[in-house]
Amino acid sequence: MSGIQIAGGANISEDNIEGIQAAGAFNLAKDDLSGLQGSLGANIAMGDIEGVQLSGLFNLSGNYMSGLMISGGANVSLKSMEGLMISSLFNLTNNDASGLFITGGANIANDDMEGRMISSLFNVAPENTDGLLITGGLNYARYQNGLMISGGANITQEIDRKSVV
């Protein structure tokens with residue numbers, strides 16, 4: 001699909017999307033998305049995303065995400081994430097992450113993290129972290145190269161250059 005889809009309920013595309021999906025309930029791209037998905041409910045793109053997802057509840061990238069995810073609830077990238085994630089509950093990426101994650105809840109990068117994580121509850125990067133982790137609760141990284149700031153606790157197995165505050 002190349003162009004614009006607008007629906008009060010849902011937009012569903014079986015093919016790649018180059019353009020915009022805007023819906024009241026949800027948008028579903030069963031393949032790659034290059035462009036924008038916006039909904040009051042959920043946005044789902046099962047392939048790669050190069051662009052923006054804006055939702056009231058939930059954004060999901062089924063593969064590689066490059067761009068911006070903003071959600072009133074949660075952002076999830078099932079593979080790698082490169083860019084900016086902002087949510088009220090949590091941000092999750094299952095592989096490498098680079099960029100900036102901001103949430104009122106938890107940030108989780110299940111592989112290497114390069115960039116910044118800012119949260120009120122906790123930041124978790126179980127592999128290598130290169131950058132800044134700030135939280136009111138708990139920061140965890142196996143290997144930290146950068147700065148960890150926490151109102152609660154910082155946990156790491158190995159630290160490089162900078163100190164833990």
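**View 1. Asn110 in the loop between strand E14 (106-109) and strand E15 (113-119).** Strands are DSSP runs of E with at least two residues, numbered from the N terminus. This is a predicted model, in which local features need pLDDT of at least 70 and side-chain atom pairs count only at pLDDT 80 or more, while totals for chains, interfaces and linings use all residues. Residues are numbered from 1 along each chain as its sequence is written, and side-chain values use heavy atoms, with hydrogens and water left out.

**View 2. The surroundings of Asn110.** Asn110 has a relative accessibility of 34% and therefore counts as partly exposed, a class lying between buried (under 20% relative accessible area) and exposed (over 50%), with a 1.4 Å probe and protein chains only. Beyond its neighbours within four places in sequence, Asn110 is in contact with Leu92, Thr93, Asn94, Asn95, Pro126 and Glu127, where contact means heavy atoms within 4.5 Å.

**View 3. The side chains of Asn110 and Asn94 in polar contact.** The two side chains make this contact at 2.8 Å; a polar contact is a pair of N or O atoms within 3.5 Å, of which, within protein, one must be able to donate a hydrogen and the other to accept it, and residues adjacent in sequence count only if both atoms are side-chain atoms.

**View 4. The chain around the close-ups.** The chain has zero helices (H or I runs of at least four residues) and 18 strands. Along its principal axes, the C-alpha trace spans about 50 × 20 × 15 Å, and buried residues make up 42% of the 165 residues.
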